[in-house]
Amino acid sequence: MTVPQERIEIRNIDPGTNPTRFARGWHCIGLAKDFRDGKPHQVKVFGTDLVVFADTAGKLHVLDAFCRHMGGNLARGEIKGDTIACPFHDWRWNGQGRCEAVPYARRTPKLGRTKAWTTMERNGVLFVWHCPQGSEPTPELAIPEIEGYEDGQWSDWTWTTIHVEGSHCREIVDNVVDMAHFFYVHFQMPEYFKNVFDGHIAGQHMRSYGRDDIKTGVQMDLPEAQTISDAFYYGPSFMLDTIYTVAEGTTIESKLINCHYPVTNNSFVLQFGTIVKKVEGMSEEQAAEMATMFTDGLEEQFAQDIEIWKHKSRIENPLLTEEDGPVYQLRRWYSQFYVDLEDVTPDMTQRFEFEVDTSRALESWHKEVEENLAGSAE
């Protein structure tokens, strides 16, 4: 049916506003080993500053960065025994936030406490729990363990950290359902794409292969490689992706962490890293080389994501086709982390499945790739 032009209304963008609060959930703040260098570390997150330090047993602790005495920055202080000492007056705080000692004073104000953040170390990375209501995480919200990680069956993490200004972290979460951008931004040809939301978990299942006209490291230089990707967001900010790269009878299994934490309500820190499962005959160096190649390819692709986020408009009312996926349902799922626990509704957490029909897109993209190849051959 043809619609007369005069009856077609201009679609205006509703940019909305960024949430003023930060999401409830586990947030990954980096590789655990990087915090065990004998120094305190300052992390800007949730609109405030935290200090991370390791005690004599190597256990990591996270406190508010500013000393409750006169506001000294503990991240500029020293680790002394199992405490972090303020550089201003040497007040010493243990990992539970209790004041252990004031060396120059007769009495220590032991009733005085600073905020100690709930932490979790899992698969070699460190998490802090954030909840505006002060709730503690329940066991089912824990990040799953990677089988064999503690037994040395995987390479070391490659790790990249990028500070993104001028963008809310919802932008990266939108990618969970965005099948089409994988062709334009990540140079993939998705032939199968499905989303499953259930409770606090959002899944993305994709089967793809690389574009013939643009090569990246994510195919690990394996010719005609197929990629099987099953990615899950556990909460608002941490995605763990199991990826199988299959080519010529060889299958490489890798894990990708794609995570972020908010700095302000208009900036965030994006982090991603990969490990490769060692196979018989693969040396430590070969596993590390493959992980690095994979991460280098991802870094190039994330850089393109960031350029788009930096220059795009926030949009509350995106105009969609069937191939764009369930953006609105994803945002309902995401909203559960921004409301009080008692305000979480079934439409935010109930199981939801949606499979995108990729046939029309693939037909169009194959034609575009062939034209590009023909053009480059001339």
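Student: Why does Lys-194 count as buried?

Tutor: Lys-194 has 19% relative accessibility, and buried means under 20% relative accessible area, exposed over 50%, partly exposed in between (1.4 Å probe, protein chains only). So Lys-194 counts as buried. Bear in mind that this is a predicted model, where local features need pLDDT of at least 70, side-chain atom pairs count only at pLDDT 80 or more, and totals for chains, interfaces and linings use all residues. Residues are numbered from 1 along each chain as its sequence is written, and side-chain values use heavy atoms, with hydrogens and water left out.

Student: What makes Glu-353 and Lys-194 a salt bridge?

Tutor: Their closest N and O atoms are 3.0 Å apart. A salt bridge needs a side-chain nitrogen of Lys or Arg within 4 Å of a carboxyl oxygen of Asp or Glu, so Glu-353 and Lys-194 qualify.

Student: And which residues are linked with them in a network of salt bridges?

Tutor: Lys-194, Asp-198, Arg-351 and Glu-353 are linked that way. Arg-351 pairs with Glu-353, with 2.9 Å between the closest N and O atoms.

Student: Why is Glu-353 called partly exposed?

Tutor: Its relative accessible area is 40%, so Glu-353 falls in the in-between class.

Student: What about Glu-147, exposed or buried?

Tutor: Exposed, because Glu-147 has 72% relative accessibility.

Student: How far apart are Lys-310 and Glu-307 in helix 3?

Tutor: They're three residues apart, so about one helical turn separates them. Their side chains meet in a salt bridge at 3.2 Å, N to O. Helices here are DSSP runs (H or I, at least four residues), numbered from the N terminus.

Definitions and conventions:
Helices (H or I, at least four residues) and strands (E, at least two) are DSSP runs, numbered from the N terminus.
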